[in-house]
Amino acid sequence: MMGFDQIPAAFYFFLAAIAVPFIPVGRLRGLLTLAIPVLVAYNIWQMGFGTFATVSFMGFDLELMRVDSLSRVFTLIFCLAAFLGNLYAWHLKDTTQQVAALLYAGSAIGAALAGDLITLFFYWEGTAIASVFLIWARGSQGAYNTGMRYLLIQIGSGVILIAGVALYFHETGSITFENMKLSSLGTWLIFLSFGIKAAFPLLHNWLQDSYPAATVTGTVILSAFTTKLAIYALARGFAGTEILIYIGAVMTFFPIFFAEIENDLRKVLAYSLNNQLGFMVVGVGIGTEMALNGTAAHAFVHILYKALLFMTVGAVLFRTGTSKASELGGLYRTMPLTATFCLIGAASISAFPLFSGFIAKSLILSEAAYKHYDYIWLVLVFASAGVLSHSGIKIPFFTFFAHDSGKRPAEAPAHMLLAMGITAVLCVFIGVVPSTLYSILPYAVDYVPYTTAHVIGQLQLLLFALLAFGILYRIGMHPPEIRATNLDTDWLYRRMAPSVVLTCARGIAVVWAFATSSILMKLQKLIQALYRTHGPEGRMARVWLTGSMVLWLAVILLAVLLVNYIS
Amino acid sequence: MAHHSDPKMNSLARFYHLTSRKRAMTVMLGGLTLSCAFVFGYDGFYLKHEKVEIANIFGFYAYYGFAGFTFIIFAALFLRKIIKRREDFYGDQDVNAEEPPEHMLERKDL
């Protein structure tokens, strides 16, 4: 009998996805979506490290399941995220979303466990194809358009990946997914492919475009996998690549300003996600054991608190029909539990002591300082204040407090509250007992987060930032929440590129019309000239007289005689 | 009146409702100022060994947090002037301009 180690973990998710449409009872479907992540997480935990489930494919030895300290931590958090996301989506009767969620989570887990680049490619594309259905499930024309843009970019990332893998194999003769150097076109293409999914600056806007377009539950599930899979891929393939430090620093910096003025709170969280990815990318770029621990720890806690924030805003959208800050406010009156969970998520992402962000982010910051990346460290500390501004304050304050919007929605349904409650408890538990997370990180952790200097420093940063908010809000200098669209790089392919193509098309049409009309005119003149000579009234159509024919015959005969005589 | 409790509110909501009282903002700002003063002053009671030299300045994180947050707000206000467009800028078949479909919601008011 085949053991668990012979069946790739992703296949359990795929088998469940095949079974779900045939299960007529909604609760049984829901139970299956909850049981699979628990089963896979338990087995991965039990398995021990090693390479399992190898198969031959077109002459390549594919490693479908490589469990080591790095892949295990990402697999475990993906399983946890799948469980929490599916619990949050317990009410769903839409089997399309349930199937998509299972396929998506399974693909992400398969990719995290892939031991070679070809296996990675298949799962990489799997995440793209499965996840787009969580956007299309919204069922509107806007969501369809967004989904098409999302799919194009995600599939494009996979195409670049396989091109890079082909070149890499040509150069090295290896398809093993291991640390690479940016020294050839092949590795640069693989790097670019990872960068697209990790939402590098200027390649980032698919994230803010698509995540707010998904369904209430779809956004929660989307937030966990694609980008963190890219972080895992970078950590596996490009740890210690210095350029990542600077890319990551830019990622932590620029989304802050966009998030601050964005009205759609799910888009604010998408910008915030981009900012948080920056910290992880910096950790990968530094590449030391401590920095990689920081990246893994931050990815782990980030999946939890970002899911929690998306869940709370999703619950508000679910009950009120909007996630626009300009339409919300004062919801603590009737949604106090959701408000509490949102505050816990906000405290966690802001890295307040005793919350999960505090014990994870500091690993990366400490290592940046230790390795003398002083300016990068300053950017990261600045970005920490920025996180407080948009995710720590803006999300809970303008949703549940601030002015009274007059809305009195009912509290979120029980299963949503349960999912949010478990996630919130985990955010606090990890913050209070960091050793639980540190014990599953890729390398041994020699770090104490709760020192006087760290706690006081962090409290100074956050409390004084809060004070600045209080003063600016009081004097009316805080940006008001207003309905608007803020331009970002998607403008390039949604407005500029189509208008350039349209302008070019019009130019070509004018030239074509001119050219064709000129040729047509000449053709017409030629036909008229031919008609004049060969038409019924033309010279060539006249009937010749017999006398003139005899005359021409005599001329020709004379010419023949002359030629004959001369020759 | 804003500070009157709604009978539909539970005890947790009533606790949050304290923030809507007239003097709540002043009290919260006062409490926050005191907390800030405490953590700022605490810098004098331990020895700093920050690896980045500038962080060893007394109250560094306090200055940096306050100035950083203020900069973010003013920079964001400036950015809004450049990139803000009307909500239906990308047309009415854009997610930002459309109402969320009812099939994915479960509106319920108390």
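## A tour of chains A and B

Begin by selecting H372(A), which sits in the loop between helix 15 and helix 16 (374–400) of chain A. Helices here are DSSP runs of H or I of at least four residues, strands are runs of E of at least two, and both are numbered from the N terminus. H372(A) is not a glycine, yet its phi is positive, about 65°. With 61% relative accessibility, H372(A) counts as exposed. The classes are buried for under 20% relative accessible area, exposed for over 50%, and partly exposed in between, with a 1.4 Å probe and protein chains only.

Before moving on, note that this is a predicted model, in which local features need pLDDT of at least 70, side-chain atom pairs count only at pLDDT 80 or more, and totals for chains, interfaces and linings use all residues. Residues are numbered from 1 along each chain as its sequence is written, chains are lettered from A and ligands numbered from 1 in the order in which they are written, and side-chain values use heavy atoms, with hydrogens and water left out.

Select A351(A), in the loop between helix 14 (336–349) and helix 15 (356–370) of chain A. A351(A) also has a positive phi, about 65°, without being a glycine. A351(A) counts as buried, at 2% relative accessibility.

**Helix 12**

Next, select residues 265–286 of chain A, which form helix 12. Its 22 residues reach 32 Å from the first C-alpha to the last, close to the expected 32 Å. That expectation is 1.5 Å times one less than the number of residues.

Now show the two ends. At the start of helix 12, a side-chain oxygen of D264(A) comes to within 3.0 Å of the backbone nitrogen of R266(A). After the helix comes G287(A), with a positive phi near 80°.

**Helix 3**

Move to residues 69–88 of chain A, helix 3. The end C-alpha atoms of this 20-residue helix are 29 Å apart, which agrees with the 28 Å that it should span at 1.5 Å a residue. Because 18 of its 20 residues are buried, helix 3 is largely enclosed by the rest of the structure.

**T423(A)**

Select T423(A) in helix 17 (residues 414–432) of chain A. This threonine is buried, with a relative accessible area of 0%. Its side chain reaches the backbone oxygen of A419(A) at 2.6 Å. Leaving out residues up to four places away in sequence, T423(A) touches L84(A), L304(A), L308(A) and M311(A). Contact means heavy atoms within 4.5 Å.

**Q154(A)**

Go to helix 6 (residues 141–172) of chain A and pick Q154(A). Is Q154(A) buried or exposed? At 0% relative accessibility, Q154(A) counts as buried. The side chains of Q154(A) and K197(A) are joined by a polar contact of 3.4 Å. A polar contact is a pair of N or O atoms within 3.5 Å; within protein, one must be able to donate a hydrogen and the other to accept it, and residues adjacent in sequence count only if both atoms are side-chain atoms. Beyond four places in sequence, the residues that Q154(A) touches are E125(A), A128(A), K197(A), W206(A) and T226(A).

**Domains of chain A**

Colour residues 239–489 as domain 1 and residues 495–566 as domain 2 of chain A. Their bounds come from an automatic or database domain assignment. How many Å separate the centres of the two domains? Taken over C-alpha atoms, the centres are separated by 78 Å.

Then select G547(A), in helix 21 (residues 546–566) of chain A. G547(A) is exposed, with a relative accessible area of 52%.

**Chain B**

Finally, show chain B by itself. Chain B has 3 helices and 1 strand, in the order α-α-α-β from the N terminus on. The radius of gyration of chain B is 23 Å, well over the 13 Å that the globule rule gives for 110 residues, so chain B is more spread out than a compact globule. The radius is taken over C-alpha atoms, and the rule is 2.2 Å times the number of residues to the power 0.38.

Along the principal axes, the C-alpha atoms of chain B fill a box of roughly 60 × 45 × 25 Å. Of its 110 residues, 35% count as buried. Among contacts in chain B between residues at least 6 apart in sequence, 3% join residues at least 24 apart.
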